[in-house]
Amino acid sequence: MKKVLSVVLALAMLLSLASVAMADYSGDLKIWVAEATVEFTQKMVDQFKAAHPEYANMNVIIEPVGEGDAASNIITDVEAGADIFGFAQDQLSRLVAAGALLDVEPENAEIVKAENDAGSVAAVTLGDTMYAYPMTSDNGYFLYYDKSIVTDPSTLEQVLADCDAAGKKFYMEINSGWYQTAFFFGAGCELTFDSDDSGALVAMNAGYASDAGVKALKSMIKVAQSPAFVNGSSVSNATNLCAIVDGTWDATAAKEAFGDNYAASKLPTVDGYQMGGFGGFKMLGVKPQTDDDKLAACDALAAYLTSEEVQLARYNAVGWGPSNLNAQKNEAVQADEALSALASQLAFCEPQGQYPGEYWGLATSLGDDVIAKKYDNADDAALLEVLKNFEATCEGYLAK
Amino acid sequence: MTDLDYLKLSKPQKMLVDLRRFLAALPGHIGNGLKNLVMFIVNFFKGIGLAIVDVIQTFIHGDWKTKVSYFVMGFGSCARGQWGRGILFFVFQTLFNFYMFNPNASQSGLYYLGKLSTLGTIETHKEGRRTVYGDNSFFILLYGVLTIFFIIAFIYTWYTNIQQNKISEQILKSGHKLKSTKDDLQSLMDEQFHKTLLALPVLGVTVFTILPIIFMILVAFTNFDMTHQPPGKLFTWVGWSNFHELLASDTASHGNTFRQVLLWTLIWAFFATFLNYFLGMLVAIMINKKGIKLKKMWRTILVMTIAIPQFVSLLYVSKMFAADGLINTYLMKWGWISAPIPFWTQPGWARFTIILINVWIGIPYLMLIATGILMNIPADLYESARIDGASAFQMYQKITLPYMLFVTGPYLLTSFTGNINNFNVIFLLSGGKPQSMELTGNAGYTDLLITWLYKMTVNDTNYKLAAVMGILVFLVLAIINLVAYNLIPSVKNEEDFQ
Amino acid sequence: MNTKNEIPEVDIVVDEKAGVIREIKPEKLASKKANERRSNTIIYVILVLMSIIWLAPFVFLVFQSFRSYALEGGGMVDYLLPKTWSLDNYRWLFNPENSNFLRWYGNTFIIALFCSVIQTMMILSVSYTLSRLRFKGRKFIMNTVLVLGLFPGFLTMITLYFLLKQLGLTQTGAIPGLILIYCASSGMGYYISKGFFDTLPKSLDESARIDGATRFQVFLKIIMPLTKPIVIYTILMAFMAPWGDYVFASYVAFGSEPNYNVAVGLYRWVNVADYQGYFTRFCAGGVLVAVPITILFMCLQKYYVEGVTGGAVKG
């Protein structure tokens, strides 16, 4: 019954798309997606062309450009960038500020709003304008571990002790602004930015310089001191892996690395509080277009590539967790071990909002200082001073 | 032996004396420099004045062919039978006119020149959902500079054209014959051969080195960064504020970080140059020592590091030194250490590791160079030293080192300059990390000015600050070279070599 | 031990300064020899240790490249010797369906080939002109090159990118674009070969000029035949450089994977998070790049040594 319904819905959406974009386009159209999804995207584009005779002659070029590179590349040269490109949420405000993203076609925007989870809709919206099509809701992190070694993944102290006892390592990229929030948000701090329509960040809501912030920073210092700790978040770069804080994109690699002992769970508690973090999203954007016909083609294709049908197919092909509400209800998606670990972690996470580009660099600086053991002997007052400095610097990033 | 004594004793003292003299003469140097500069400017304008007078007089006194050439370049040459030259002049003028007054107004030199003072005013806007791009500040600046280049080249060519007419008239008046096109071509293979050989290289350097450098120097005075990124956004002139942002010490500026990075850059360049130099020389002496066999094999083994592309070897080596890399793992397995050594994560260690690995890279080069030079040291110097009972170390100190230092003075200077801009080693090994709250602008403790510049360009697309940084690197290098030029005798005399 | 009354070995040394013939006592000689032996032994130990340190990374790299992908994965590990040796990684690289590796390799080879020809011509022209011809502006050109050389190279990256883009030589045109960039300013690297030309006697040119040869003929017939070592050195350098360029090659070719050079392609495998388990493939690719270049380099090592030594002495 569900299947029939989803097919009907998909058809309905295709029809509605077709009615929006009847102009035909037969020129080039370039797409950048992550390496792992190139083949899949090609297949989807072929299906799209089959369903839309007016675009049958369109020449679609798909290049593997990862979510990290796509934004910097397209900012360097918008003209040479892809017409449709995938990127992670942290790049959105930067892309908009550089004039490299086109707002979503209003009718599509309504559909996106209705069909995707609220967090993902908020993530693609700046002020009142929607700038991208949500593609996944799985850009969060949780714990992969070796269940033959880690006896109890519910406290970080235990995880570290187990890893160390076995002479193995616990990996977490604590010098990344993305993973760091597991400590700060978990301890109860806040750090969000408000943006206006143009993507400029105009206000900051921060609570790092507080007792909770000091508590979080002390947890980070404690973790960094553990002999089992290694800074990192890539399964295949880890040489002596026992547990790692990582996301769904590494699920395949993790399964291979742990074999039969593969297990995933929400993040543990540390110093008595549940670790939190970001729930993030991946999205597809369309760059500004000078040709109306091509623009219509881009709108239609981007909407298709993030539709329920394709999100589900993407999950089946590469395991990316959908942002589409109906796709999320799919049985296979619900049963997925990594995704359900993520889902239970997301209960403790903040949906990731907009951050100034410099925030990520600043967070790396803080993390590097912790790893370099600069604060090992600092007292609470000194740590508070560090966090005050952190907040003040963040505030300096606001648009003047 | 007097030579040896001289080298033996007076070298460090000589350097000191030189330095003192240099510093004492510094005000004089600067004064001279300024005087020269003023003289140059005065002469320059004087020259232009004279040229203008000359041009006017030639016009008044010249025949009609010359007069027409003022408007149609090359006419005089053609009319006097020098077709080759004439046609070249004419083609150049036509190209210039076409470029300056292109009927497609938004592509003409005049258009770009006119917009240069604002770098564009028409904003990108949207008609419906379609984007209509406005002015592109980047291309206005780029083509604006190119147009100025072109105009200078045109004025120079025009002036040459008039001079040609004048000279031709004089030659004809004196009853001689003018050079034919065939003569011209032949002279390009003979008297004018340097023009033939240099034409392409000079063109290449002008377009792909000088033009971009001037462009970037100008960018240092604009607000070209991530939020002013053409074609979507305009950028414009902002004066000296970028220099302030990079150099001032207030919280919104990078002054403190800049000074720290500069200091580390100099420390790094010092070690990378001199540590490698002495260790490489030592290795060369060991391999060349009498009685050591398989000389060629030892050399070949070391030299392999030069042959293998650095992105392979350095990337691999950098992973070897990671917290969970091979070196830490094995040291712990063998029980030599209990916790991983923080090779890349602690500032001090990271700097030490980089210098250490750079020794691994640098020794082979220096070993080769030193080997070549050591063979040129007269053997009897060593022989007599040995008779005098000198130990190996004494011989090194009194003979080898002074000789090497004297001969390789210029190399040390270029090597120091090269190490200040040694991008690959830092980029591939540490990427500038670790960062710190004490540093701003994403700079890390192992960042050199050049790697920081790279981060600004590629990661932050902060071109304005990158441009300022480039200018500052240039200034630092210029100062170092100027001082060295006045201190190192073999550098000063480099031109006398022939 | 000696039954015969042997004449003791005496080392006689002529000391010119003292003007006497001195004699070194046999005991002293023996201790000197022992000393010599001892210091040689120390040197051998040092050299062997150094050889191990210098070769280790390459040997490790080769080990990793032969690790079985199927059984041990492609990620990084904390042990040296593969548990199972296999050609998995090489087989994977040589199959064009898996990756563009062969294409990248070909791209880089083409770039290296063109560069070695064009750059050599540029460098020889400039260095010959500046060394052996005298003309107005010579000094000016040399000073300009000196000043330009003090600007950091990456400063102009963005400008060069857009200059190339105007000519259509980025992304899909990245290969000719890179050749153009590598070659256009290569004349600035004239220093070492100018030093070489400086050492050739001036009388060679002069006598030929007196015999009525034009400068072109002197260049072609008298000088060129003598320049083999420096030509080979220049070609070798120009050929090797493009294999290692990551920064500019990635900046020009971004978003067009088939037009990467081998450095860009391989660098991404270990530094972009999208590529999981590519480490051993990176090692195998690195070996495939390093081996031919190393062999070429070893064969032409003599010329390289001449070049760098000459360059160092003359600055």
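Local features need pLDDT of at least 70 and side-chain atom pairs pLDDT 80 or more, whereas totals for chains, interfaces and linings use all residues. Residues are numbered from 1 along each chain as its sequence is written, chains are lettered from A and ligands numbered from 1 in the order in which they are written, and side-chain values use heavy atoms, with hydrogens and water left out.

Among the elements of chain B, the highest mean pLDDT, 94, belongs to H8(B), and the lowest, 55, to helix H21 (residues 489-492); helices are DSSP runs of H or I with at least four residues, numbered from the N terminus. Over residues 494-498 of chain B, pLDDT stays under 50. Where pLDDT is low, the predicted coordinates should not be read in detail.

The interface of chain C and chain B draws on 104 residues from chain C and 96 residues from chain B, contact meaning heavy atoms within 4.5 Å. About 8,900 Å² is buried between these chains, 77% of it on carbon and sulfur atoms; buried area is the accessible area (1.4 Å probe) that two parts lose on being put together, summed over both. On the side of chain C, C:Trp54, C:Phe58 and C:Leu150 lose the most area to chain B, together 9% of what that side buries.

Two salt bridges are counted between chain C and chain B, the term requiring a side-chain nitrogen of Lys or Arg within 4 Å of a carboxyl oxygen of Asp or Glu. B:Asp190 forms a salt bridge with C:Arg209, with 2.6 Å between the closest N and O atoms. B:Asp190 sits in the loop between helix H7 (181-188) and helix H8 (193-219) of chain B. With a relative accessible area of 12%, B:Asp190 is buried (under 20%, 1.4 Å probe, protein chains only). Beyond its neighbours within four places in sequence, B:Asp190 also has C:Thr214 and C:Arg215 among its contacts.

Turning to chain A, its contact with chain B takes 43 residues from chain A and 30 residues from chain B. The buried area here is about 2,800 Å², with carbon and sulfur atoms giving 50%. In chain B, B:Arg129, B:Asp324 and B:Met437 lose the most area to chain A, together 30% of what that side buries. Five salt bridges are counted between chain B and chain A; one salt bridge joins the side chains of B:Arg130 and A:Asp292 at 3.5 Å, N to O.

Note on methods. Helices (H or I, at least four residues) and strands (E, at least two) are DSSP runs, numbered from the N terminus. Buried means under 20% relative accessible area, exposed over 50%, partly exposed in between (1.4 Å probe, protein chains only). pLDDT is the predictor's confidence in each residue, from 0 to 100.
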